[in-house]
Amino acid sequence: MKGKVLVTFVLLIILGAAVVVGVTYGFNNIPEFKQLFSASTAETIGNVGPESEETLARRGEFTAKISMWIFIFITILQMAALWIGYAVISNIRNGKGDPEFKLKNLENAEVFFDIPLYFGLFGTVSAFLVMTFSPQSSRLIAYSSTLIGIIFSLVLRITLQYPLRRSLMREQYEQNKDADK
C-alpha cells in the first residue's frame, strides 16, 4: 500500500515538473501562449530589451510572468490535492477495520475531496489580486483554477470515493445478512 502511494507521489512530482517546464517553455517560446498571460505584446507597446527603461512593455512582461507563476503554483496545488485525496482513499481501503468503521472513516474524510475546490477558490481570489495589473491573465487564472478544482474534486468523488463506499456498503450488507442467519 505504501509503495503505491509513494509511486503516485513520485508521479505527482514528475507531473508537476512537467507542468513547470511545459508552461515556462510555452511562455518563453510560443507567442500565442504568452498572450494568455499578457494583454498586449511587445510589438504593440514597445520592446522589452535590456537597454529599455521601466517601460509599459517591461511592466507588462513582469506582470505576465507573475501571472504565469501563479497559474503554475495553483495547478501544482491542485495536483497535490488530488494526490492527497488518493492517499486518504488508499489508507482507508487498505486499513484495518470492519466495513462500518471504514465507512465512518470515509465519511470523516469528506474534507479531502473538497480540497481541490478550495484551491480553485484560492486561485480565483489570487486572480483578483492580479486583475489590477492584467485583467486578461486574471481571468485565465480564475477560470482555470476553478475548472481544475471542480474536475479534480469530481474525479476524487466519482472514481475513488464512490466505488469504495459502494464496495464497503456491499461488504457491510453481506456481513449483516450472514449475521442474521
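The model is predicted. The protein has seven helices and zero strands. Of its 181 residues, 35% are buried.

**Overall fold**

- Along the sequence the elements run α-α-α-α-α-α-α.
- Among contacts with a separation of 6 or more, 74% join residues 24 or more positions apart.

**Nonpolar cores**

- In soluble globular proteins, nonpolar side chains tend to be buried together.
- The largest nonpolar core here has 16 residues. The members that touch the most others are V23, F27, F37, M68, F71, M79 and I141.
- Helix 1 (2-29), helix 4, helix 6 (110-131) and helix 7 each supply at least two residues of this core.
- Helix 4 gives the most to this core, namely six residues.
- Another core, of 12 residues, lies apart from the largest one. Its members include I89, L106, L164 and L168.

- S67 belongs to helix 4, which spans residues 56-94.
- Is S67 buried or exposed? Its relative accessible area is 0%, so S67 counts as buried.
- Leaving aside neighbours within four places in sequence, S67 is in contact with F37, V130, S137 and I141.
- Two of these partners of S67, F37 and I141, are also among the residues of the largest core that touch the most other members.
- With the sequence neighbours within four places again left aside, I141 is in contact with S67, I70, F71, I74, G123, A127 and V130.

**Cavity**

- Rolling a probe the size of a water molecule over the atoms shows where empty space is left.
- How many cavities of 30 Å³ or more does the structure hold? It holds one.
- The largest cavity has a volume of about 50 Å³.
- Its lining is formed by F71, I74, T75, Q78, I141, S144, S145 and I148.
- Helix 4 and helix 7 (135-180) each supply at least two of the lining residues.
- By type, the lining residues divide into four nonpolar, four polar and no charged.
- F71 and I141 both line this cavity, and both are named among the members of the largest core that touch the most others.

Key. Residues are numbered from 1 along each chain as its sequence is written. This is a predicted model: local features need pLDDT of at least 70, side-chain atom pairs count only at pLDDT 80 or more; totals for chains, interfaces and linings use all residues. Side-chain values use heavy atoms; hydrogens and water are left out. Helices (H or I, at least four residues) and strands (E, at least two) are DSSP runs, numbered from the N terminus. Buried means under 20% relative accessible area, exposed over 50%, partly exposed in between (1.4 Å probe, protein chains only). Contact means heavy atoms within 4.5 Å. On a 1 Å grid over the protein atoms alone, a cavity is a set of points where a 1.4 Å probe fits but cannot get out, and a pocket is an open set with protein on both sides within 12 Å along at least five of seven lines; lining residues have an atom within 4 Å of a point. Grid points are joined across faces, edges and corners, and a volume is the space filled by probe spheres set on the points. Ala, Val, Leu, Ile, Met, Phe, Trp, Tyr, Cys and Pro count as nonpolar, Asp, Glu, Lys and Arg as charged, and the others, Gly among them, as polar. A nonpolar core is a set of buried Ala, Val, Leu, Ile, Met, Phe, Trp, Tyr and Cys residues joined through side-chain atoms within 4.5 Å.
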